[in-house]
Structure formats: C-alpha cells, structure tokens
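This briefing concerns a single protein chain and is meant to be read beside its sequence and structure. The overall architecture comes before the individual residues.

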Amino acid sequence: MAVKSVTHLNFRGDARAALEFYQAVFGGDLAVITYKDAGSVQDPAEADQVMWGQVLAGNGFHVMAYDVPSHLPWDQGENSFFLSVRSETADEITTYWEKLSAGATIVQPLAPAQWAPLYGMLKDRFGVVWVLDVVSEYGG
C-alpha cells in the first residue's frame, strides 16, 4: 500500500485567490467547495469562503487549502513551513519561478548553488514560502 502526502495550506479569506494563482502557475484542475456549498455556514460573511479546495495537476503538483473560519484561532506564523518544488529541468523550475515571483518577496534569488544546479526561495503574495530547485545527481 502506498502513502501520499499533500500539503494543505490554511488561509484567512485568501484560499480561493491562492488556489487560482497556483493553478495559473502549475496548471491542473481547481476544485473548490465553499461553506455554503457544504451547508456549513456559521458566519454569513464567510459563506463563500473555501471549506475545502485543491489544485491537482498532471505534472504531479497537488496542494489543498481552506479558509480558517473566524471563530477559530489562526496565525500564519513565521517560517512555519516551506513548500518545496523540485524538477529535473532548469526550464521547468525557471517557468514556475517566474510565475510565482509575481508580487512575491525574493528571499534567495534563483541561481546555481553548491547543492543544486538552480535553487531559489521566495515568499509569494499570500505569505507562503516556496523553495524551488533542480534536482542534482546527489540530492535526488
């Protein structure tokens, strides 16, 4: 039996915009269920927020997200996680980097590193920190 791990991102009102952005970067299918869709509205102002959503792409990219309701505590934190995207080609990583960079804060510019042909880190406009790199022969 195989186990699959999927990153699940938590937002406060930005989940749909974040998922749409990640779909534009990585392609794939976007699925969103709102609190209203699920019949689970506790605050009418949050009815159209995301109770469950995901982007699933044929290239292997998969991320899930939701909007934490206002009655629950939520703190994005500082350096609480990184989302890592690895590829075997510089072209693919460069393409994702260029798209994710829109409105982002560059932490480490995309460039060759001792451990990878290309490596970079950025904080996207939703506050998610991404690490992108090209797999080296010893870093598989």
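The points below are grouped by topic, from the whole chain to selected positions.

This is a predicted model, in which local features need pLDDT of at least 70, side-chain atom pairs count only at pLDDT 80 or more, and totals for chains, interfaces and linings use all residues. Residues are numbered from 1 along each chain as its sequence is written, and side-chain values use heavy atoms, with hydrogens and water left out. The protein contains two helices and eight strands, arranged along the sequence as β-α-β-β-β-β-α-β-β-β. Helices (H or I, at least four residues) and strands (E, at least two) are DSSP runs, numbered from the N terminus.

**Overall dimensions and surface**

- Taken along the principal axes, the C-alpha atoms fill a box of roughly 50 × 35 × 25 Å.
- Of the 140 residues, 37% count as buried; buried means under 20% relative accessible area, exposed over 50%, and partly exposed in between (1.4 Å probe, protein chains only).
- The accessible surface is about 8000 Å², and carbon and sulfur atoms provide 52% of that area. Accessible areas come from the Shrake-Rupley method with a 1.4 Å probe, and for residues only the protein chains shown count as cover.
- There are 8 positive and 17 negative side chains, and the centres of the two sets lie 3 Å apart. Lys and Arg count as positive and Asp and Glu as negative, while His and the chain ends are not counted; each charge is placed at NZ of Lys, CZ of Arg, CG of Asp or CD of Glu.
- Among contacts with a separation of 6 or more, 52% join residues 24 or more positions apart, where contact means heavy atoms within 4.5 Å.

**Nonpolar cores**

- The largest nonpolar core has 29 residues, and those with the most contacts inside it are Phe-11, Tyr-22, Leu-100 and Trp-130. Such a core is a set of buried Ala, Val, Leu, Ile, Met, Phe, Trp, Tyr and Cys residues joined through side-chain atoms within 4.5 Å.
- Two or more residues of this core come from each of β1 (7-11), α1 (15-26), β3 (50-56), β4 (62-67), β5 (83-87), α2 (90-100), β7 (116-123) and β8 (129-134).
- The greatest contribution to this core is that of α1, with seven residues.
- Another core, of five residues, lies apart from it and includes Ala-116, Tyr-119, Met-121 and Val-131.

**Leu-100, in helix α2**

- Leu-100 belongs to helix α2 and is buried, because its relative accessibility is 0%.
- Beyond its neighbours within four places in sequence, Leu-100 is in contact with Phe-21, Tyr-22, Val-25, Phe-26, Leu-122, Asp-124, Trp-130 and Leu-132.
- Leu-100 and Tyr-22 are 78 residues apart in sequence, yet their C-alpha atoms are 8.0 Å apart in space.

- Thr-34 lies in strand β2 (residues 29-34) and counts as buried because its relative accessible area is 5%.
- A polar atom of the Thr-34 side chain lies 2.9 Å from the backbone nitrogen of Asp-37.
- Not counting residues up to four places away in sequence, Thr-34 touches Arg-16, Ala-47, Asp-48, Gln-49, Val-50 and Met-51.
- Ala-38 sits in the loop between β2 and β3 and, with a relative accessible area of 38%, is partly exposed.
- With residues up to four places away in sequence set aside, Ala-38 touches Ile-33 and Met-51.

- Thr-7 is part of strand β1 and is partly exposed, because its relative accessibility is 30%.
- Residues touched by Thr-7, apart from those up to four places away in sequence, are His-62, Val-63, Met-64 and Leu-83.
- The C-alpha atoms of Thr-7 and Val-63 are 5.3 Å apart, although the two residues are 56 apart in sequence.
- Arg-86 is located in strand β5 and is partly exposed at a relative accessible area of 38%.
- The side chains of Arg-86 and Asp-133 make a polar contact at 3.0 Å. A polar contact is a pair of N or O atoms within 3.5 Å; within protein, one must be able to donate a hydrogen and the other to accept it, and residues adjacent in sequence count only if both atoms are side-chain atoms.
- Arg-86 and Arg-12, 74 residues apart along the chain, have C-alpha atoms separated by 28 Å.
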